Amino acid sequence: MIGELWESFTDALEGLGSVVHFLFRLVGNTPRVLLRFNLISQQIFNSGALSLIIIMLSGLFVGMVLGLQGFQLLQRFGSEEALGTAATIGLVKELGPVVTALLFAGRAGTALASELGLMRATDQLSAMEMMAVDPIQRVVVPRFLGGVIAMPLLAGIFSVIGIYGAQLVGVQIMGVDSGSFWSQMRSAVSLSDVTEGVVKSFVFGVACSLIAVYQGYYATPTAEGVGRATTSTVVTSAVVILFLDYLITAAFL
Amino acid sequence: MRKSRTLNLGTGSFVLLGFAALFFLTTQTTSHGLAVFGPAHYQVTAKFDNVGDLKVGAPVSMSGVEVGRVTKIDFDSNEYKAVVLLRLNERYSKIPTDSDASIYTQGLLGGKFIGLTAGGADTYLKDGGQIDFTQSAFVLENLIGQVLANFTKSKADEQAPARADPKATEKTK
């Protein structure tokens, strides 16, 4: 019993160690890949531009819900004008980065993991090695960097659409004064709130992309293995995102 | 070739949109504005007995017009006073040295801001200058305390002659 526990503990530790090792390999290869920007550009398109629709739609609805809930809550204290502040701080610091990262893990992370897993299963990665092409440089690092670059941009778009969603419900439907909505927001939201959001989404971008490419690259080369890699990408990403979110929030207090 | 062109176009517009969003967040939702290329400014200090919950970034206004912002709030442990650093726009450089600064509240639950009232001196505030006449923040608890104290005092005054009265009547008898 204790032996089993110890074994699963060392397994987890080994997994963590190999993820960190993989990250160092990716970062070490980054400078050379940066010279071939068209590879990265293609991956920014795949994981960023193609996630745009889902991010924008979710952002709109999250913002609208914030507008509605915030209005109902603030109305009790007679301070509906603070709606802009409440919605913006909530979106920029918390909901924008976190929901974007969760959606990104579901939309782009799974695509990355299954693509790499299938490459592994059909021996494409080994074939590249045979041709003296480093699959890490040619395939993995561009996907990783594409995700890292795309995430903060997606989170920013999410927050802006969300603010307009809150404005739509709060100002257009519920009748909060438009001037005080924006001016209270401007006087209460500080630059450090925005910085915190950007830092968060950057860290989430690194975490999500790393988990996705790691799971795909080391997937068991079977149909089942690829499926399992995809599933564990989403599960691990979600847990890691929320854990890191707590850490970064605490660090910024 | 054709395909890579549309792809790059897609990536380019996505990146542009993303940076536009981040730009919007930093300039439109915060009071930061375009402070990187912001207007020329000068800084003056003002010492207050109590700043209440005045925050860094709070506006400084004259006659309701925003002329600057609070950039720093510190505590002077020699005088036991709060030192507030105000960054004023260079356009409003003709503020008399004997102007006074008071801390007001926006609305009932709004944030605090500093209101300047122009004095009559011929010399104007310069960079590094100090506003000598200040009025502290209005702290609700102190006001309630004062009202209660006045209230109980006036009640005691009313009761005191009433109690004294019987004695007075006795003496006259």
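Mentor: Let's start with helix H4 (residues 83-121) of chain A and helix H9 (residues 223-252) of chain A, whose axes come within 8 Å and cross at roughly 150 degrees. This is a predicted model, in which local features need pLDDT of at least 70 and side-chain atom pairs count only at pLDDT 80 or more, while totals for chains, interfaces and linings use all residues. Residues are numbered from 1 along each chain as its sequence is written, and chains are lettered from A and ligands numbered from 1 in the order in which they are written.

Helices here are DSSP runs (H or I, at least four residues), numbered from the N terminus. Their axes are lines fitted to C-alpha atoms over the stretch in contact, with angles running from 0 to 180 degrees between N-to-C directions. H4(A) and H9(A) are therefore roughly antiparallel to each other, a term for angles over 145 degrees. H4(A) also passes H9(A) in a right-handed crossing, where the near helix is turned clockwise from the far one by less than a right angle.

Which residues make the contact? On H4(A) they include Ala101(A), Ala105(A), Gly109(A) and Ala113(A), and on H9(A) they include Val226(A), Ala229(A), Thr233(A) and Ile241(A). Two residues are in contact if their C-beta atoms, placed from the backbone, lie within 7 Å. The residues of this contact divide into 12 nonpolar, 9 polar and 1 charged. Ala, Val, Leu, Ile, Met, Phe, Trp, Tyr, Cys and Pro count as nonpolar, Asp, Glu, Lys and Arg as charged, and the others, Gly among them, as polar.

Met151(A) is one of the residues that touch the most other members of the largest nonpolar core, which has 76 residues. Such a core is a set of buried Ala, Val, Leu, Ile, Met, Phe, Trp, Tyr and Cys residues joined through C-beta atoms within 7 Å, and buried asks for 20 or more other C-beta atoms within 10 Å of a residue's own. H6(A) gives the most to this core, with 21 residues.

Finally, look at where the chains meet: the contact takes 25 residues from chain A and 22 residues from chain B. H4 of chain A is among the elements that give two or more residues to the side touching chain B, and the largest share of that side, 7 residues, comes from H6(A).

Terms used:
Parallel < 35°, antiparallel > 145°, perpendicular 65-115°, else oblique. Buried ≥ 20, exposed ≤ 12 C-beta atoms within 10 Å, placed from the backbone.
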